[in-house]
Amino acid sequence: MECCCGLSLRSSASALLNPQGISSSHTCKRNSALPLKYSRKYKGAIFAESGRQTWDFGRFIRTLYFFNGPPNPAKFIESLIGKLSSPTSTEPIKKMETSDMVLVAGATGGVGRRVVNILRNKGFPVRALVRNKEKARSMLGPDVDLIVGDITKMETLSPEYFKGVKKVINAASVIIGPKEGDTPDRAKYSQGIKFFEPEIKGDSPEKVEYIGMQNLINAVKNSVGLQDGELLFGFKGNITGKLIWGALDDVVMGGVSESGFQVDPKGNEDGGPTGLFKGVVSTANNGGFTSIRTKNFSTPEDLSAYDGIEMRVKGDGRRYKLILRTSSDWDTVGYTASFDTTKQQWQTIKLPFSSFRPIFRARTLTDAAPFDPSKIISLQLMYSKFEYDGKLNPTFVEGSFQLPFSSIRAYINEPITPRFVHVSSAGVTRPGRPGLDLSKQPPAVRLNKELGFVLTYKLKGEDLLRESGIPYAIVRPCALTEEPAGADLIFDQGDNITGKISREEIARICIAALDSPYACGKTFEVKSTVPFSEPYVIDPENPPPEKDYDEYFKNLKEGITGKEALEGSPVPCFSIRWSPECDGNRSVVDCRPPIKASLLLKGARSKLKQNLGCPLHGTLVHVRAAQLLAVVAHLKGQGGEEDDATFLQLTAMLSREEDYLQLMHAKITAGDRIAQETWPVMNGCSADVSNLSSR
């Protein structure tokens, strides 16, 4: 390593501001062939012979003030002495702390309290979200970590409550009880609503199942993380994120290297914009590093939900460093990880948080605080001659360089497991499902409207979770009982099964789902094989073996919710009814299954009236615009791009008998057909799009 004993007073002072580029543990070797007084007398000449270049003092000042100005001198010197006198890397680095805290919402309910007890028995750290502290203490015990809040009231869900929470089981639910009242221990409720006349007790289903879910998701999202990670830098809609980059080169210690951050509008692997770290690095004046660093964030970035930093870069065969800082001070410890790149290849670099070393002036500090990903203040990309603790970068080459990087994000390790397990209910998609025999459905389906649309709002709550980006699993139990766990189970999807299952079993399923990648992103129903008419009991002396729930989870599919029966196929079968009366301007379009048409395109009604040449009686209440356009688009072969034109085309075709006959024999797509049905339309000169029964 180069000697730095010949630096001038000005350069020596600026060297104190070196942000990790060079080690401070240099040794000065004096040329023994020269008398001491000679070397002092001709100090300037020695620099000239060594190839010293002019130092850009103006760039030095601009660098300091870009990053919030220079530090307080007294505070800086005090900090520097402490860091320079700290131990070297002979001792192991302090490991970062991790948390597997599980939050249980609805912790005093029938499923929730069982979840808490099982987790505690397994040794998991648990935090219970409850509304009534005294009730929770008496039910869960004196040493349970309680937070008091109400998911229906966002102001009660303080961010401090959720620090350290990595996973959530939500067993909160609207309260349904007997109209005639219940015993103090809710004995009637425990039997299930098949055995009493139910009503909503307390907050409405909308407040609990929908607004409550929305509030809970917002409260825990930062703690549990997103499946696709948190984007720190990238180009979404030409937005570069909240990072403001500035150059931080060896000019701060007398060097002449120079770099910067640019945006290359077409440099991405897909032809879009990308960030670009580029510059020229030189070892002149004992330098040898360049970097770009973000300004300090206004508030620390909490990435504790994630496992590391992922970057998408186009390599040049060199080794770079990513530095994360958890202090707003100018010259402070940087938690650093090196990464190698492949020349002329786009690659994904993953740097686990556990790989970041506490570095100050290219030296490892073994007594530094463990890295805390919840307090990230700034990021820095560096290309340097120096590695750590006297080692050199084996790929370092002086001269120009560039590193395109299109994204920087925090990531969750794969395989990803659910971070949010939600207990919903079987039957949520059945109210309003076409062709359903309500007499064979559970009471909650038959009484959905009378119970404040409880299942409707449960489904809306599910949708919020599915759309949140949080890794999730949604468990839909059939009727809950107080029976013991252990019966054989049936897992299903599509929301079709009925039956019963014990609360204890559901609690176990929820806990198992937290650790199963097979459960992630899945929505499923579950029941036992025991009929309602038969009680399930176990022999305490010979209990059933514990289940491997992965054997059930691994057969589940993504994207199956039961809503498919409500929405129909993307291109539904339909029939067109035409009658030659009234100048041939007569048609009825029947889309199956019938769906509310509040989404019909603006003006569609008037255009249909105009083109059919006769008034519209009734309303277009059962044709969704998107479906109708899809049908017509297939007929036209134009992909549904011209909305107005497709409506005009449809009505024009329906106005002529020969075109209708052509339509009758048309094929929309493989497996789809136009029902060949014609019959007279009565009631005078009218056209109607109506709710015809599904087939």
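Before anything else, my working rule: buried means under 20% relative accessible area, exposed means over 50%, and partly exposed is in between (1.4 Å probe, protein chains only). Helices (H or I, at least four residues) and strands (E, at least two) are DSSP runs, numbered from the N terminus.

**Ground rules.** I'm looking at a predicted model, where local features need pLDDT of at least 70, side-chain atom pairs count only at pLDDT 80 or more, and totals for chains, interfaces and linings use all residues. Residues are numbered from 1 along each chain as its sequence is written, and side-chain values use heavy atoms, with hydrogens and water left out.

**Entry 1: strand S18.** I started with S18 and checked both faces. Ser378, Gln380, Met382 and Ser384 sit on one side, Leu379, Leu381 and Tyr383 on the other, and all are buried. That makes 7 of the 7 residues of S18 buried, so the strand is largely enclosed by the rest of the structure.

Next I looked up its neighbours, counting two strands as paired if DSSP finds at least two bridges between them. S13 (residues 319–325) runs antiparallel to S18 (residues 378–384), with 5 bridges joining them. Arginine 325 faces serine 378 there, and leucine 324 has leucine 379 as its bridge partner. S11 (residues 289–294) is also antiparallel to S18 and joined by 5 bridges; serine 291 is bridged to methionine 382.

Entry 2: I moved on to S1, where 5 of the 5 residues are buried, so S1 is largely enclosed by the rest of the structure. Met101, Leu103 and Ala105 point one way, and Val102 and Val104 the other. S1 pairs in the parallel sense with S4 over 5 bridges, and valine 104 stands opposite isoleucine 169. S1 also pairs in the parallel sense with S2, over 4 bridges; alanine 105 has leucine 129 as its bridge partner.

I then checked H6 (residues 112–121), whose buried residues are Gly112, Arg114, Val115, Val116, Ile118 and Leu119. Those residues pack against S1 (101–105), S2 (126–130), H7 (133–140), S4 (165–170) and H12 (503–514), with contact meaning heavy atoms within 4.5 Å. Just after H6, glycine 123 has a positive phi of about 90°.

**Entry 3: aromatics.** I count rings of Phe, Tyr and Trp (its six-membered ring) as a pair if their centres lie within 6.5 Å; planes under 30 degrees apart are stacked, over 60 edge-to-face, the rest tilted. The whole structure gives 25 aromatic pairs. I picked out phenylalanine 491 and tyrosine 552: their centres are 4.6 Å apart and their planes at 20°, so the pair is stacked. Phenylalanine 491 lies in S23 (residues 489–492) and tyrosine 552 in H13 (residues 550–553), so the pair ties together parts 61 residues apart in sequence. Phenylalanine 491 is buried at 15% relative accessible area, while tyrosine 552 is partly exposed at 22%.

I also noted one aromatic cluster, formed by Phe277, Tyr320, Phe339, Tyr383, Phe396 and Phe401. Tyr383 was already in my notes as one of the buried residues of S18.
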